[in-house]
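Please take a moment with the sequence and the model shown below before reading on. The paragraphs that follow lead from a pair of side chains to the chain as a whole and then to its pocket.

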Amino acid sequence: MRSKSLYSFGSMPEALERLYWLRDHPDYFPKDLEKKGFTLAHIYKWVLAIEIRQKENGAPFDVYI
């Protein structure tokens, strides 16, 4: 399976900090992501995946912080 970048939050660990900030400031949710059908719930899922280094399906998720 190939992945495709739809939006960039930058490099780790700054990207994680941006996700935390967006989670706390939902009014600033990126319009580009909203137009593509993403919501604040996705931010929560992405943060969790990074923190536990595991995808939603249980597969390991490599994060280089």
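Does Glu-56 count as buried or exposed, judged by its relative accessibility? With a relative accessibility of 72%, Glu-56 counts as exposed, where buried means under 20% relative accessible area, exposed over 50%, and partly exposed in between, with a 1.4 Å probe and protein chains only. This is a predicted model, in which local features need pLDDT of at least 70 and side-chain atom pairs count only at pLDDT 80 or more, while totals for chains, interfaces and linings use all residues. Residues are numbered from 1 along each chain as its sequence is written, and side-chain values use heavy atoms, with hydrogens and water left out.

The side chain of Glu-56 meets that of Lys-45 in a salt bridge, at 3.6 Å from N to O; the term stands for a side-chain nitrogen of Lys or Arg within 4 Å of a carboxyl oxygen of Asp or Glu. The two partners belong to distant parts of the chain, 11 residues apart, with Lys-45 in helix H3 and Glu-56 in the segment after H3. Side chains of opposite charge can pair when their charged atoms come close. Lys-45 counts as partly exposed, at 42% relative accessibility, and the structure holds 1 salt bridge.

Seen as a whole, the protein chain has 3 helices and 0 strands, and along the sequence its pattern reads α-α-α. Helices (H or I, at least four residues) and strands (E, at least two) are DSSP runs numbered from the N terminus. The radius of gyration of the protein chain, taken over C-alpha atoms, is 12 Å, which agrees with the value near 11 Å that a compact globule of 65 residues would have by the rule of 2.2 Å times the number of residues to the power 0.38. The C-alpha trace spans about 30 × 25 × 20 Å along its principal axes, and buried residues make up 22% of the 65 residues. Where contact means heavy atoms within 4.5 Å, 40% of the contacts between residues at least 6 apart in sequence join residues at least 24 apart.

In the segment after H3 lies Arg-53, whose phi is near 55°, a positive value in a residue other than glycine; Arg-53 is partly exposed, with a relative accessible area of 41%. Asp-62 also lies in the segment after H3 and is exposed, at 61%.

The last stop is the largest pocket, which holds about 1100 Å³ of space. On a 1 Å grid over the protein atoms alone, a pocket is an open set of points where a 1.4 Å probe fits, with protein on both sides within 12 Å along at least five of seven lines, and lining residues have an atom within 4 Å of a point. Of the 28 residues that line the largest pocket, the closest to its centre are Ser-3, Lys-4, Trp-46, Ala-49 and Phe-61. Helix H1 (14-24) and helix H3 (40-52) each supply at least two residues of this lining, and H3 gives the most, with 7 residues. By class, the lining has 15 nonpolar, 7 polar and 6 charged residues, where Ala, Val, Leu, Ile, Met, Phe, Trp, Tyr, Cys and Pro count as nonpolar, Asp, Glu, Lys and Arg as charged, and the others, Gly among them, as polar.

Note on methods
Grid points are joined across faces, edges and corners, and a volume is the space filled by probe spheres set on the points.
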